[in-house]
Amino acid sequence: MLSFFLRITLICLLISSPYVIFGQSKSKNSQPNIIFILVDDMGYGDIGAFFQNQRKQKGDRSEPWLLTPQLDKMAAQGAMLPEQYCAAPGHANVRDNQFDKALENNYTLGTVLQRAGYSTAAIGKWGLQGQSKTSDFPAHPLKRGFDYYYGYISHNAGHEHYPKEGLYRNPKEVYENYKVVSGGLDRCYTGDLFTAKAKQYIIDHKKGKEPGKPFFLYLAYDTPHAVLELPAAAYPAGGGVRGGLQWLGKPGMMINTAAGMPDTYMYPDYANATYDHDKNPSTPEIAWPDTYKRYASVNRRIDDQIGDLLQTLKDLKIDNNTLVVFTSDNGPSKESYLPKSYAAYNPDFFNSFGPYDGIKRDLLEGGVKMPTIAWWPKKIPENTLIKTPSISYDWMPTFAEAAGMPAPVRADGISLLPSLTGKGLQDRSQVYIEYFEPGNTPDYAEFLPAHKRKKRNQMQLIRLGDTVGVRYNIQSADDDFEIYNVLKDPQQGSNLASSNVQMQKMMKERVLQMRMADAEASRPYDMEFISSIQPGKVNRGLNMNLYAGNYPWLSKLTDLEPVYSSKTPSPKAQSKTGGMMSFDGYINIPADGEYTFYLSSDTKAFLKIHDASVIDEDFGYMPGEEKQSTMKLKAGYHPIKVYYKAKAGSKTSMLNIKWSADNIKKETIPASVYFN
């Protein structure tokens, strides 16, 4: 489900060291290595530090618990982000369940960090490659910013955790770059396989020709998602460079746990586990159903794998210069894909949704809150708890800032480094999700009556401060949001909508101002007019700011200081100096209508209205090409911002912004409608 949207958020000049960005010198030695770990379908409540430890402390034998000692240790040594959401943004080119659709050729975590001087690798599940009859997929990771790839290309492959044997879902193809390498993967459990390959990549990088060059590793597990297959052997002792999982590289024995039998190893903590099934202490306890022993073992295996990876960083003495982020892609699933002889899996056995209602495919908190941990010794203080809301697309600006770069303007998020390190002021994250999924919320006993069997279909979520607005089965833009203070009411039992009329109005307006419609994922509010705002006293013209420096992309300007500022009647290219220009203010729309905007430039340009990315002429833009986009706007003032890359000394600088509407022939937007 939402895993696609998190993956698509992974979301010029090649720079050598030392190098200059935006007029400031930065040594590569100060750039941290970055590892972004994404697990599949692990719920907020599956990790000890987030929920299971509290469950254990209660000692209720009718409520079994999971153990995650390594992730708990990681959380204690770094930061927990209990208010982080997964992403299903409102302008991604892959929406809903468009499996295997080609990821847009635009900025990804790979391209951004590659241009910041990093070696980049993606290991694990991809599912964004596009269709192809050959291995040369149109959106292969090597075409989206990664220097190296190893893993499952297709979405469906991630349902099977033994690629060669295919115990329950048939054999699957594993790729190394463009080559299928499944043939030698006898008895290789994918969680172990991807961990061993990740460790080997890090070790090889450290021993390579450029050991001082930073690396970025995107490690995307396919567990605990789908078929609950067990590992082939116990986890090897030790961990790190000399212990734990090891990449042997021999066909038939590619990793050191391939010596065991597939789908056989159950963790001792769970093999003989029992629980008070009838909530009667006087009757004998019964064994956990085998399905839940499997789920607990798969999660414990992930825990071991992460501990092994962190130990590798310590052994190589690069832990203090490596930022590691661990997160999931959505709430827990009720899928298991096991044979019918096994009991069905449901996440209410361990309450994997934590203190919330909802699971994968819900926009209630349990479906979209992520168990997120950030670890960076000496930089992120131990036992940091970040209570401000954030969302997975905030990681691109965060990683970019850590690498010494401002994020591309196309990135939706904000940098979380101030919250993580305790230095600087944290911007406010914009948490917005939209999604379509037929079906209903499960009717688990732990869920509130109002949420049981809740009809999903078209759904939206927006968070403003401590308040979340959520609506299900949307029929029109006029449908009311349910409004909850999720800090005081995490289970969302007290709907505050009746006493928050103004917030209701604001939410309905904001969700339209933050998104762009997509013909392949239609919504009932796509044709709604976007409301104007009341800015107060305004003056003619726009604010213009000029930023000096050598920009590989049109950048977010949040933390940059302009070298020159002035007022200008309308957006106008400069030819006397290079750098980046921004023009911001308001555009006064004369009447309700459908407006088409046209943009062209001699370099790069970008148009935003409200918070919507209207026209993107940055990545791969051909100078002089005119792009267009249409919006339905109500009469009145609408915030507008134009970004432009200026070319020093050019006599042919060009920035053209035009519009057309029912009563307006295509023309340059007149200066009379720009205000600040």
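Me: Where is Lys317 found in the chain?
Reply: Lys317 sits in the loop between α7 (290-315) and β15 (322-328). A word of caution: this is a predicted model.

Me: Why is Lys317 called exposed?
Reply: The label needs a relative accessible area over 50%. Lys317 has 70%, so it is exposed.

Me: What stands out in the backbone of Lys317?
Reply: Its phi is positive, near 60°, and Lys317 is a residue other than glycine.

Me: What is the phi of Arg453, and where is Arg453 found?
Reply: Arg453 also has a positive phi near 60°, again in a residue other than glycine. Its place is the loop between β19 (431-440) and β20 (455-464).

Me: How do you know whether Arg453 is buried or exposed?
Reply: Compare the value with the cut-off. Exposed means over 50%. Arg453 has 52% relative accessibility, so it counts as exposed.

Me: What makes Gln492 count as buried?
Reply: Buried means under 20% relative accessible area. Gln492 has 1%, so it counts as buried. Gln492 lies in the loop between β22 (482-485) and α11 (501-513).

Me: Which residues are in contact with Gln492, leaving aside its neighbours within four places in sequence?
Reply: They are Leu364, Glu365, Leu448, His451, Val468, Val470, Tyr484 and Val486. Each has heavy atoms within 4.5 Å of Gln492.

Me: How do you know that Asp394 has no salt bridge?
Reply: A salt bridge needs a side-chain nitrogen of Lys or Arg within 4 Å of a carboxyl oxygen. The nearest side chain of opposite charge to Asp394 is Lys556, 7.9 Å away. Asp394 is buried and has no salt bridge.

Me: Where is Asp394, and what is in contact with it beyond its neighbours within four places in sequence?
Reply: Asp394 is in the loop between β18 (390-391) and α9 (395-402). Its contacts, those neighbours aside, are Gly413, Ile414, Ser415, Leu416 and Ser429.

Me: Why is α9 called largely enclosed?
Reply: Count its residues. Of the 8 in α9, 7 are buried, so the rest of the structure largely encloses this helix. The buried ones are Trp395, Met396, Pro397, Thr398, Phe399, Ala400 and Ala402. Gly404 follows α9, with a positive phi near 85°.

Me: What makes the pairing of Arg301 and Asp192 a salt bridge?
Reply: The cut-off is 4 Å. Their side chains meet at 2.7 Å, N to O. Arg301 is in helix α7 and Asp192 in helix α5 (residues 190-207), so the pair ties together parts 109 residues apart in sequence.

Me: How do you know whether Arg301 and Asp192 are buried or exposed?
Reply: Anything under 20% is buried. Arg301 has a relative accessible area of 0%, so it is buried. Asp192 has 0% and is buried too.

Me: What makes Arg463 and Glu83 a salt bridge?
Reply: Their side chains meet at 2.7 Å, N to O, and the limit is 4 Å. This pair links distant parts of the chain, 380 residues apart. Arg463 is in strand β20, while Glu83 is in the loop between β4 (79-81) and β5 (84-85). Arg463 and Glu83 are buried.

Me: How do you know that Arg410 and Asp616 form a salt bridge?
Reply: The N to O distance is 2.9 Å, against a limit of 4 Å. Arg410 lies in the loop between α9 and α10 (417-421), and Asp616 in strand β28 (residues 612-617), 206 residues away. Both are buried.

Me: How many salt bridges does a search of the whole structure find?
Reply: The search finds 34.

Me: How do you know whether the radius of gyration of the chain agrees with that of a compact globule?
Reply: A compact globule of 676 residues would have a radius of gyration near 26 Å. The chain has 26 Å, so the two agree. Its C-alpha atoms fill a box of roughly 80 × 65 × 50 Å along the principal axes.

Me: How many helices and strands does the chain have, and what share of its residues is buried?
Reply: There are 11 helices and 33 strands. Of the 676 residues, 61% count as buried.

Terms used:
Residues are numbered from 1 along each chain as its sequence is written. Side-chain values use heavy atoms; hydrogens and water are left out. Helices (H or I, at least four residues) and strands (E, at least two) are DSSP runs, numbered from the N terminus. Buried means under 20% relative accessible area, exposed over 50%, partly exposed in between (1.4 Å probe, protein chains only). Lys and Arg count as positive and Asp and Glu as negative; His and the chain ends are not counted. The radius of gyration is taken over C-alpha atoms; the globule rule is 2.2 Å times the number of residues to the power 0.38.
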